[in-house]
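Thanks for coming, everyone. Have the sequence and the model open, and we'll walk through it together.

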Amino acid sequence: HNFDTGTGNRLSLHIGVGAGTVSILQVGGIYDRWEYVVAGTPLGQISIAEPLAKSGETVLSPEAAAAIDGILKSEPVAANPRFVRLLGLNERPEACEPTAHCEVSHTHLGLMR
């Protein structure tokens, strides 16, 4: 955040985080052109959370906040109190197991490049 690009401009970030299942498809092949399509409820969450984050902030959807409950310090966002602004990590978070996984069927493997 607030990175000096060396051109007289600064690069700043704001981040919106969602949680849930997403589907990622690789489509195309004509003229060896490939595109990715991403779909799922976390994208809707991100579309709300990201504009709520000011420069240098990270805002989490209710689903994302629930997935890491007890690990972070947060406060409700005034414009939408269901969403929370990340303030930091707790001093000693309890150990947690990763929950993300990826399932790819043999049918889908043929479509991937």
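First, the ground rules. This is a predicted model, so local features need pLDDT of at least 70, side-chain atom pairs count only at pLDDT 80 or more, and totals for chains, interfaces and linings use all residues. Residues are numbered from 1 along each chain as its sequence is written, and side-chain values use heavy atoms, with hydrogens and water left out.

Strands here are DSSP runs of E, at least two residues, numbered from the N terminus. Strands pair if DSSP finds at least two bridges between them. How many bridges join β4 to β5? There are 7, and the two strands, residues 22-28 and residues 34-40, run antiparallel. Gly-28 has Trp-34 in β5 as its bridge partner. Between the strands sit 5 residues. One of the hairpin's residues, Gly-29, takes a positive phi near 115°.

Now the salt bridges. I mean a side-chain nitrogen of Lys or Arg within 4 Å of a carboxyl oxygen of Asp or Glu. The structure has 4 of them. For exposure, buried means under 20% relative accessible area, exposed over 50%, and partly exposed in between, with a 1.4 Å probe and protein chains only.

Take Arg-10 and Asp-4. Their side chains meet at 3.9 Å, N to O. Asp-4 is partly exposed, at 43%.

Next, Glu-35 with Arg-33, at 3.0 Å, N to O. Glu-35 is partly exposed at 39%. Arg-33 is exposed at 57%.

Then Arg-85 and Glu-75. Their closest N and O atoms are 3.2 Å apart. Arg-85 lies in β8, residues 80-89, and Glu-75 in β7, residues 72-77, so this pair ties together parts 10 residues apart in sequence. Is Arg-85 buried or exposed? Buried, at 11%. Glu-75 is partly exposed, at 33%.

Last, the cores. A nonpolar core is a set of buried Ala, Val, Leu, Ile, Met, Phe, Trp, Tyr and Cys residues joined through side-chain atoms within 4.5 Å. Which residues make up the largest one? Ala-49, Leu-52, Ala-53, Val-59, Val-77 and Phe-83, 6 in all. Another core of 5 residues lies apart from it, including Leu-60, Ala-65, Leu-72 and Val-84.

Look at Leu-52. Contact means heavy atoms within 4.5 Å. Setting aside neighbours within four places in sequence, Leu-52 contacts Val-59, Val-77 and Phe-83, among others.

Definitions and conventions. Helix = DSSP H or I, 4+ residues; strand = E, 2+ residues; numbered from the N terminus.
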